[in-house]
Amino acid sequence: MSILELNQPEVFLRNCWYVASLSREVGRHTKAVRLLGEAVVLYRREDGAPVALEDACPHRKLPLSMGRLKGDAIECGYHGLTFDHCGTCIEAPTQKQIPKQAKVRSYPVQDRYGLLWIWMGSPELAEHSPVMQIDHHDHPGWHMTSGDSLPCKCNYLWLVDNLLDPSHVAWVHRSTFGASGTEGTPLELQADEHGVVCSRWIVGQAPPPFYAPLVKFTGLADRLQHYEVRLPSVAINRSIFAPAGMGGPQVRDDPRVYRMVSYNFLTPVDGDNTLYFWLQHRNTDTDDDALTEKIAAGAKAAFEEDRLVLEAVHQGMKHKRSPNIGLLLDAGASRFRMALAQRISAEQTKETA
Ligand SMILES: [Fe+2]
């Protein structure tokens, strides 16, 4: 598969975990979502366990999400065909026998970090593939925001590109993440089988507006911008602010050193839409709920700025009438797209073997 083919609708890596929803938004009601081009209905069993089924009755394809829950099962709102949480039809009220083909696909799902994860590939591969690990998740010295999400009318790869591009903050996020040094400080690029990291230390600059109230020192700072995206589309954005002169690759653990990790999960809806989920993890003021809310609101405002730009990029690139150019800062995104195209090719080759 070439990198260009990645932009084709319905071309996705499937044997991996994606975030389907915030866990708190799935309950004793049906929730319809579209993921990787497939219609899925989410709900919880009476014991709280999550369920994900193909959202189409095998009779006339009415979305099951338009029906109702009956205990742990779901009933179609057209003729009452009822499916258990594994997708097996257990009731066909209009006739004596349940048709043998009456079943819908069920997807492995699990709750982790306040997010509902779904496996859209071969179900038998899911149990040997753990959901990604978030370091210090249960550590009392760290605090995680409860997460949020944003639907974006653009291909998920434009969001991936953006999350491998620390320079965009100088223009897209002037009032939040942007600061002196974010325009032109050289980037370091590392790539392995898991993904790509674009990073740099910006030394001796004032912290940007979003971080200035959070850091525990005054004066200039050394700042790490670490932009990492792992396959299929998990972006880990690490920020470190240390008093000027204390930063760099050997930065020590020190009470004045501020660390924030932003986890971003990009789930393709189809070739033109993405569900963007995120969590913020920090090691300061962990009991300060007001600060947590401020960070969550600030992050959402900043990601709205990304959304506006990337939706316009999606339209611009989809309907372009003249060739576009590349910039040196695209190197990380290009490496990631190459790695992803190779993984998707390998997955498709295995499927057809
Ligand atoms: Fe951004």
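1. A quick definition before anything else: two strands count as paired if DSSP finds at least two bridges between them. With that in hand, look at strand 6 (residues 73-75) and strand 7 (residues 82-83), which pair in the antiparallel sense over 2 bridges. Glu 75 has Thr 82 in strand 7 as its bridge partner. Bear in mind while you look that this is a predicted model.

2. Zooming out a bit, that pair belongs to an open sheet of 4 strands, ordered 5-6-7-8, with antiparallel pairing. The edges are taken by strand 5 (68-70) and strand 8 (89-91); each has a single partner strand, so one side of each is left without a neighbour in the sheet.

3. Now the whole chain. I'd start with the element count: 5 helices and 18 strands. The radius of gyration comes out at 22 Å, close to the 20 Å that the globule rule gives for 353 residues, so the chain is as compact as a globular protein of that length. Along the principal axes, the C-alpha atoms fill a box of roughly 80 × 50 × 35 Å.

4. If you take the contacts between residues at least 6 apart in sequence, 59% of them join residues at least 24 apart.

5. The chain splits into two domains: domain 1 covers 17-126 and domain 2 covers 143-345. Their centres, taken over C-alpha atoms, are separated by 34 Å.

6. So what does the contact between the domains look like? On one side, 11 residues of domain 1 are in contact, and they meet 10 residues of domain 2. On the domain 1 side, the elements giving two or more residues are strand 1 (17-22) and strand 2 (31-35). Strand 1 gives the largest share, 4 residues. Sorted by class, this side of domain 1 has 8 nonpolar, 2 polar and 1 charged residues.

7. Which residues have the most contacts inside the largest nonpolar core? They are Ala 20, Leu 42, Ile 118, Leu 159 and Val 160, in a core of 84 residues. Both domain 1 (17-126) and domain 2 (143-345) give residues to this core, so it lies between them.

8. Leaving out residues up to four places away in sequence, Leu 159 touches Cys 152, Cys 154, Leu 266, Thr 274, Tyr 276 and Leu 310.

Methods. Residues numbered from 1 in each chain as written. Predicted model: local features only at pLDDT ≥ 70, side-chain atom pairs only at ≥ 80, totals over all residues. Domains from an automatic or database assignment. Contact = placed C-beta atoms within 7 Å. Nonpolar A, V, L, I, M, F, W, Y, C, P; charged D, E, K, R; others polar. Rg over C-alpha atoms; globule rule 2.2 N^0.38 Å. Core = buried A, V, L, I, M, F, W, Y, C linked by C-beta atoms within 7 Å. Buried ≥ 20, exposed ≤ 12 C-beta atoms within 10 Å, placed from the backbone.
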